[in-house]
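Please find below a colleague's note on the structure under review.

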Amino acid sequence: MPNPLKRILQRPIIWLSNRFSSQPSRPQVFASLSRLQEEILQGKRHSGVVIPFNYEQDRFIIFSDQHKGGKDGADDFMAAEQNYCHALRYYYGEGYTFINLGDCEELWECTPAKVMAANHATLQEEARFQQQKRYYRIFGNHDLQWHYKVPRLQFLKPIFGKKLKVYEGIILQTQYEQTEFNVFLTHGHQGDLRSDGNAFSKWFVAAVWTPIQRFFDIRADTLSDSFELADRHNIMMYEWSMQYARTFLISGHTHKPVFASLDHIDRLTKQLERARSKGNEAEVYILQKALSDKQAAYAGKQFVKTMAHPSYFNTGCCCFSDGDITGIEIAEGFIRLIKWRSGDTGPIRVVLEESPLYYLFDQMT
């Protein structure tokens, strides 16, 4: 089919996919996330675990939504594989703990055996973290099979070993000025009526969407441009997080990266005050320039603070068709939204947004 005709037909096809593959329900999202958080805090290890951490010292990298497939025309991960593997080697060498936040494999479109065989080298990069006890896995809607023991033993054990656990969620727990804060991590499909264990959606993706995707060459980042759909679900998860004091939510699923506190000027001002109080002249100089640049950029503009309660983050995804991947870092007392993209000399890490954790903690108390 000629390319112009493909482009004309892409829009109704994407609408059809959105219409039948995702339907987040606010009551269901709220109930499912609350249920999961409570089970983890109560110590129900079949749901997840609580991990104590030092927010100034420990390092985490959180990626989601690789959708590793069968290396065919419907495989969204292939273009991003080089950047992803390079990023994992970087984080392994820097001592990060890797949290894989779900939809790691695309098991709606492919059999587990096909995915494992096609992505053996990439899975080995992930398994190195497991060997160092620096790896946690969470299942999503597209790799829900890993929640069950038999497929885990058959397909994951040969690569990751018998001690690998796959959870629905994880809570990172830390202390700031004698106050406890929780970072709740889960894939984010909970409460999505078309994704939360829904057999019809799985059939639709395998039998209808995948052949269409191969033919029209439609990729995940094309779908993520559907702002009404993705933003609606992100907003629901943000609103859920607002109910809980001293709790941050990090999810994936929507393929749209979200970074909570967007008030750059307020954040930079508080960082500058802190640097001055500590007599850190080098940091003061850097922050003064950054603050001046932001003030100039916002001059004469009405700034809208979209998340006054800075409690929600989304990793984005690792399957953009241009090879870019996005994720969330927690390191050196900061939380960062990062991107790895292809550069002239190889993959490049780019910080898209960052905030000191103390700033977020202060806003939540």
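1. The model discussed here is a predicted one.

2. The structure contains two cavities of 30 Å³ or more. The second largest cavity holds about 70 Å³ of space. Its lining is made up of Phe 53, Val 183, Phe 248, Ile 250, Phe 313, Ile 330, Ile 335, Leu 357, Leu 360 and Phe 361. Two or more of these residues come from each of strand E8 (247-251) and helix H12 (357-363). Helix H12 gives the largest share, three residues. Sorted by class, the lining of this second largest cavity has ten nonpolar, no polar and no charged residues.

3. Ile 330, one of the lining residues of that cavity, belongs to strand E10, which spans residues 325-331. Seven of the seven residues of E10 are buried, so the strand is largely enclosed by the rest of the structure.

4. Strand E10 has antiparallel partners. Three bridges join E10 to strand E2 (residues 60-63), and the two run antiparallel; Ile 62 stands opposite Ile 328 in this pairing. Seven bridges join E10 to strand E11 (residues 334-343), again in antiparallel fashion, with Trp 340 of E11 as the bridge partner of Ile 325. The hairpin of E10 and E11 has two residues between the strands, and Glu 332 takes a positive phi near 55° there.

5. Helix H5 (residues 120-131) comprises twelve residues and reaches 16 Å from its first C-alpha to its last, close to the 16 Å expected at 1.5 Å a residue. Which residues of H5 are buried? They are Thr 122, Leu 123, Glu 125, Glu 126, Ala 127, Phe 129 and Gln 130. An α-helix has 3.6 residues a turn, so residues three or four places apart point the same way.

6. The cover over the buried residues of H5 includes helices H3 (81-93), H4 (112-118) and H6 (149-160), together with strands E3 (97-100) and E4 (135-138). Just after H5, Lys 133 takes a positive phi of about 60°.

Methods. Residues are numbered from 1 along each chain as its sequence is written. This is a predicted model: local features need pLDDT of at least 70, side-chain atom pairs count only at pLDDT 80 or more; totals for chains, interfaces and linings use all residues. Side-chain values use heavy atoms; hydrogens and water are left out. Helices (H or I, at least four residues) and strands (E, at least two) are DSSP runs, numbered from the N terminus. The expected span of a helix is 1.5 Å times one less than its number of residues. Buried means under 20% relative accessible area, exposed over 50%, partly exposed in between (1.4 Å probe, protein chains only). Contact means heavy atoms within 4.5 Å. Two strands pair if DSSP finds at least two bridges between them. On a 1 Å grid over the protein atoms alone, a cavity is a set of points where a 1.4 Å probe fits but cannot get out, and a pocket is an open set with protein on both sides within 12 Å along at least five of seven lines; lining residues have an atom within 4 Å of a point. Grid points are joined across faces, edges and corners, and a volume is the space filled by probe spheres set on the points. Ala, Val, Leu, Ile, Met, Phe, Trp, Tyr, Cys and Pro count as nonpolar, Asp, Glu, Lys and Arg as charged, and the others, Gly among them, as polar.
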